[in-house]
Amino acid sequence: MTKIETQAAGVSIQGLTLSFGNTHVLKGIDLEIKQGEFFAFLGPSGSGKSTLLRAIAGFGPTPGGKILIGGDEVAHLPPWKRNVGMVFQSYALWPHMTVRQNVSFGLEERKIATPEINNRVDAALDMVGLLDLADRRPSQLSGGQQQRIALARTIVIEPRVLLLDEPLSNLDANLRVQMRRDIRELQQKLKLTTIFVTHDQEEANTISDRMAVLDQGVIQQIGTPVELYDKPHNLFVANFLGTVNVLAGELHETGGETVFRTKGGTTIPFDKAGKDVRSIIFRPQNVRISDDPIASNGNNTAMSGRVIHMEFLGSIVRYAIDVSGETILVDDPHHKGNKVHQVGASVGLLVANDQVMALGI
Amino acid sequence: MAQPISSVQRGPATIGIIIALFLILFLALPVLKVIFVAFQDPATGEFTFINFVDFFNTSLFQESFFNSFYVAIMSVLVATLISVPLAYFTTRFNFSGALIIQTLGIIPLIMPPFVGAVAMQLLFGSNGSVNLLLDEWFGFTIPFMEGLNGVIFVESIHYFPFILINLSAALVNIDRSMEEAAQNLGSSGLRLFRRIVFPLAMPGYVAGAALVFIKVFDDLGTPLLLNVNNMLAPQAFLRITSIGISDPMGYVISVILVGFSLLSLYVSLLALKGKDYATTQKGGGGLMKRDLRFWEKIGCYSLVIFILMLVLSPHIGLFLLSFGTIWSYAVLPDAYTFDHYITVFSSASQYITNTLLYAGLAATFDVILGTAIAYVVLRTGIRGRKWLDYGATAALAVPGVVLGIGYLRLFHSVDVPLIDKPLASWWVIIVIALTIRRLPYALRSCMAALQQVSIMLEEAAENVGATKSRTVWRIVVPLMSGGILAGFVTSFATASVELSATIMLVATESDAPLAFGIYEYMQSASGRGPGAALGIIAVLFVGFGTYMSHRIIERSKRAREASVPVTEGATP
């Protein structure tokens, strides 16, 4: 059987700007995506992530700046000359064609001989496990099947880059997890450079090698999921990748030691090279909670407060604790028999100092 | 940087320019020429108002102007009287006759009014069936068809569906909660109707009424066939055909007709603008309905059946006339025969073949132009593309008589190479006139079809390697096919019975289409039978066409519903 063999290429985006009329949607994007990498664009709606993806595919207004695919400048090329495969959010299967006709379309446009088209279509359909549905119409397929056909239609042309525009958003929760794994597996098998657009940080975390967080047309940070979670460069990234406690305040020198004093008056020892620190952040799971006040030690800072809100989420209990006017979220892992602190109770908190990150804003 | 991308638009831009030139040459210039001539001194060629002064100082024209206005207003009133109870029954009561009422809304539209006019005279004229019976039984007659009454009667029976359809749609779109909210706040009965239902339904009514007004005001065929000549459109026609194309009065009348057309289009736009009163929310739609009591039911049915008989009377009359031998001073024809159909098929078949050719060509051009304009307007960023839409739609405001006069004036001196004939008397000009006249309808159909095609489906094709033109050919056109076909059928059906522009442009008998044939036959008493037979054929054309386009639209609607996930176009 013919095999689908893609020739993956890296993508380099340099100083890309794009506007719809007077609305500047992309404001200078610089990005290097390696050959064979699974890369995610993560951001809220309106951040420009889909626009960026579409610009790579050649849709939308002509951008300023450069888009290089495998070293070739493509920004001036029309979509049909770019050889980048895109899977659309709502799949965009052509309703007047069968599954086979949908998948063979791109090969026909490339004037490939019929026997080879048939072989490659079979291979692509086989790859997504839907060879037996070749003669159906898209409307006779489930959402998940349509998604696979859309993938097959794209990989059959052996694109240099695979673009996925929120491909999972129209699937139900269980199917989404399954598809996520299948897409990742397919990408590994084909060693295909893949760009995945999503607004869901869990999706981006689980599927991608690296990702770029976008907001307001600007890349906020690029890195692996763990890097972004553990070392966010700014509040936006910190917040977008998970719940976080943010305490504003400033650095103080007391007796030769540097401490960070929050607006509420809590002080936390601060040994990192203090430049211009305006706030500190830490994740709720890095705070321990107990009935009685605990004493600070070299590695932990103690605080005490009152429970103002409690949510039992099963694996954890999430508390909101008022600590001298500032609210601190705490995720307490739940085990059978654990005490659940009720609203109004006085509690002691312990924050691990090495989990505290400093931000300049 | 932007250069290569814009080369993608070179194709559509060229097509757009060609279409624009076509519209300018065959729509804008003829109309402008007509307006220009109306303001031109016939002797010196200088700008002047003298023609208008002459017009309003001539008693015949004063009378014609008044008559046209009177007939149009009265037709709107009579059509309203027919429509309001029908619309009210279906939206207010659980009335099982709703299907009859729906049918009532379509039957008149499949027959242009002039076709039924003569048959109506035989049924309702002073010596017609109804008056003969009335005279025999009760000793009095009703002058249904006397002079202007006849025009009003025929026109309102034919055009009331425009009001019925618009008014019903407006009423159906009023959400029950609107009414319930008013009741909840203490309003009921007539007060509730006056303050809530009536204002919400008003835009729909006005839009329909404006349409009826202009259709009647512009109509040429009906008054001509009823021999009522002291109205504007017939006067324009008669001046141009009997005195000649240099007589300024035809042009003055044309300017007045165009002016009123624009005015009523404006009124209907104004009525609908910013008043998207489709208040229906999920769940309950339409006003509260209640069951009818026994006597009410009888009353409703009697009225509906009475109106149904009235609406069917032109069809019945035409049918009888086409099979009757002699029908004069009698309730029914003396005897029945197939002779008229035999006559028509043996000696007048060129009318039918001409119609098939003209309407077929016109409808083909219409959908090609419609698809191209829709694509340029909806899918490209070409500057000024919206003007193609406006330009093509502007044909709505140009009465057929005016277009005909414009063509005669503009093209009578333009010789077509090779056939050595002026363009104005070549049969192709009829096809062009029909194309222009039906383009607005075909265009709307194509626009709607293209709007249903998600842009993503096109992007997906481009993404896997199809160029713009290949995408149009393999994705866009196949997906639009339902709408294109429906547009074709509607254009074809209505073009096949168009009279007002054709009547001015037919140069020789052998070039004449069906509508012209009916008009010719109906002129003489002996020709009525074959004329009616032709009329029946025309009705079958249009009826079949209407049915087909309805079926096509329904089918593609169902097909769309079956493929919801593919067409929900979330355009970023």
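Analyst: In this predicted model, four strands of chain A, in the order β2-β1-β4-β5, make up an open sheet with antiparallel pairing. The edges of that sheet are taken by β2 (23-33) and β5 (72-73) of chain A; each has a single partner strand, so one side of each is left without a neighbour in the sheet. Strand β1 of chain A, residues 11-20, runs antiparallel to β2(A), and 8 bridges join the two. Within this pairing, A:V11 has A:I33 of β2(A) as its bridge partner.

A further open sheet of chain A has 5 strands in the order β15-β19-β16-β17-β18, and here too the pairing is antiparallel. Its edge strands are β15 (287-290) and β18 (326-333) of chain A, each of which pairs on one side only. From one strand to the next, the twist averages 40 degrees. Inside this sheet, β16 (residues 300-312) and β17 (residues 316-323) of chain A are paired in the antiparallel sense through 6 bridges. A:M310 is the residue that stands opposite A:Y319 in β17(A).

Chain B has a secondary structure of 25 helices and 2 strands. Its radius of gyration is 25 Å, which agrees with the value near 25 Å that a compact globule of 572 residues would have. Along the principal axes, the C-alpha atoms of chain B fill a box of roughly 85 × 75 × 50 Å. Of the 572 residues in chain B, 48% are buried. Where contacts in chain B join residues at least 6 apart in sequence, 78% of these contacts are between residues at least 24 apart.

Chain B is divided into two parts: domain 1 covers 1-30 + 350-561, and domain 2 covers 50-333. Taken over C-alpha atoms, the centres of domain 1 and domain 2 of chain B are separated by 27 Å. Across the boundary, 31 residues of domain 1 of chain B are in contact with 31 residues of domain 2 of chain B. On the domain 1 side, the elements of chain B that give two or more residues are α18 (400-411), α22 (502-505), α23 (514-522) and α24 (528-562). The most comes from α24(B), with 12 residues. By class, this side of domain 1 of chain B has 21 nonpolar, 8 polar and 2 charged residues.

Terms used:
Residues numbered from 1 in each chain as written. Chains lettered and ligands numbered in written order. Predicted model: local features only at pLDDT ≥ 70, side-chain atom pairs only at ≥ 80, totals over all residues. Rg over C-alpha atoms; globule rule 2.2 N^0.38 Å. Buried ≥ 20, exposed ≤ 12 C-beta atoms within 10 Å, placed from the backbone. Contact = placed C-beta atoms within 7 Å. Pairing = 2+ DSSP bridges. Domains from an automatic or database assignment. Nonpolar A, V, L, I, M, F, W, Y, C, P; charged D, E, K, R; others polar. Axes fitted to C-alpha atoms, helices over the stretch in contact; angles between N-to-C directions.
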